[in-house]
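Below is a short briefing on side-chain contacts in one model.

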Amino acid sequence: MDRLFAPWRIEWVTRDGGGVDGCPFCVLPDRDDDRSSRIVARSAHAFVILNNYPYNPGHAMVIPDAHEGDYRAFDDDVLLDHARLKGRTFDAMDAAFDPDGYNVGLNLGGSAAGGSIDDHLHTHVVPRWTGDTNFMPVVSDTKVIVEAVDETYAHLRDAFAAQPGATVTDDDRAVALTLDGSASE
């Protein structure tokens, strides 16, 4: 039997709360503790959350606040805010992780498009490094994540906090960003 030692995952396995009742992209932002929900930044109409099952360290999602699965249903304010927050996410990831590139995308159309949550739009932002794909996924169908999600959260939150227009209120709240003169709520 092959073994992959990942002791940092015990925090995920033993965490309180289990599943989320309802849409996680609606429920998690309403909780009092952004850190435990993995929300690192907020803008007027969207937020950035770390993926609990990252493809690579730093894998985050930029998510509009509104529960909507059809990209075409958003008004211009939400679309612009979402786009600007993606740009600020690239800036934060550049500062925190110095990746060589990114994979960015939407899964539109539910399971047919590879998405697991099809009724609340979300954009995946996955930092990539030259050589980050090695023999493990090819020969053993195993992906090795080299950093604990809590450490990734701290690095990325600090990078958002250093940006212009950032407001930090306490350690358990996401960084509030002003993107175009409108502050996050």
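Arg35 and Asp172 form a salt bridge, with their closest N and O atoms 3.8 Å apart; the term covers a side-chain nitrogen of Lys or Arg within 4 Å of a carboxyl oxygen of Asp or Glu. Arg35 lies in helix H3 and Asp172 in the loop between E6 and E7, so this pair ties together parts 137 residues apart in sequence. This is a predicted model, in which local features need pLDDT of at least 70 and side-chain atom pairs count only at pLDDT 80 or more, while totals for chains, interfaces and linings use all residues. Residues are numbered from 1 along each chain as its sequence is written, and side-chain values use heavy atoms, with hydrogens and water left out.

**Salt bridges**
- The count by this rule is five salt bridges.
- Arg35 is partly exposed at 28% relative accessible area, and Asp172 is partly exposed at 35% (buried is under 20%, exposed over 50%, partly exposed in between; 1.4 Å probe, protein chains only).
- Arg173 forms a salt bridge with Asp34, the closest N and O atoms being 3.6 Å apart.
- Arg173 sits in the loop between strand E6 (166–167) and E7, and Asp34 in helix H3 (residues 34–37), so the pair connects parts 139 residues apart in sequence. Helices (H or I, at least four residues) and strands (E, at least two) are DSSP runs, numbered from the N terminus.
- Asp34 is buried at 0% relative accessibility, whereas Arg173 is partly exposed at 25%.
- Asp70 forms a salt bridge with Arg72, with the closest N and O atoms 3.0 Å apart.
- Arg72 is exposed at 73%, and Asp70 is partly exposed at 30%.
- Shared partners join Asp34, Arg42 and Arg173 into one salt-bridge network.

**Aromatic pairing**
- The count is one aromatic pair (ring centres of Phe, Tyr or Trp, the last by its six-membered ring, within 6.5 Å; planes under 30 degrees apart are stacked, over 60 edge-to-face, the rest tilted).
- Phe90 and Tyr102 make up this tilted pair, at 4.9 Å centre to centre and 50° between the planes.
- Phe90 belongs to helix H4 and Tyr102 to strand E4 (residues 101–106), 12 residues apart.

**Nonpolar core**
- The largest nonpolar core has 20 residues; Val40, Phe160 and Leu177 are among those touching the most other members (a core is a set of buried Ala, Val, Leu, Ile, Met, Phe, Trp, Tyr and Cys residues joined through side-chain atoms within 4.5 Å).
- Elements supplying at least two residues each include strand E1 (39–42) and helix H6 (149–161), and H6 gives the most, with five.
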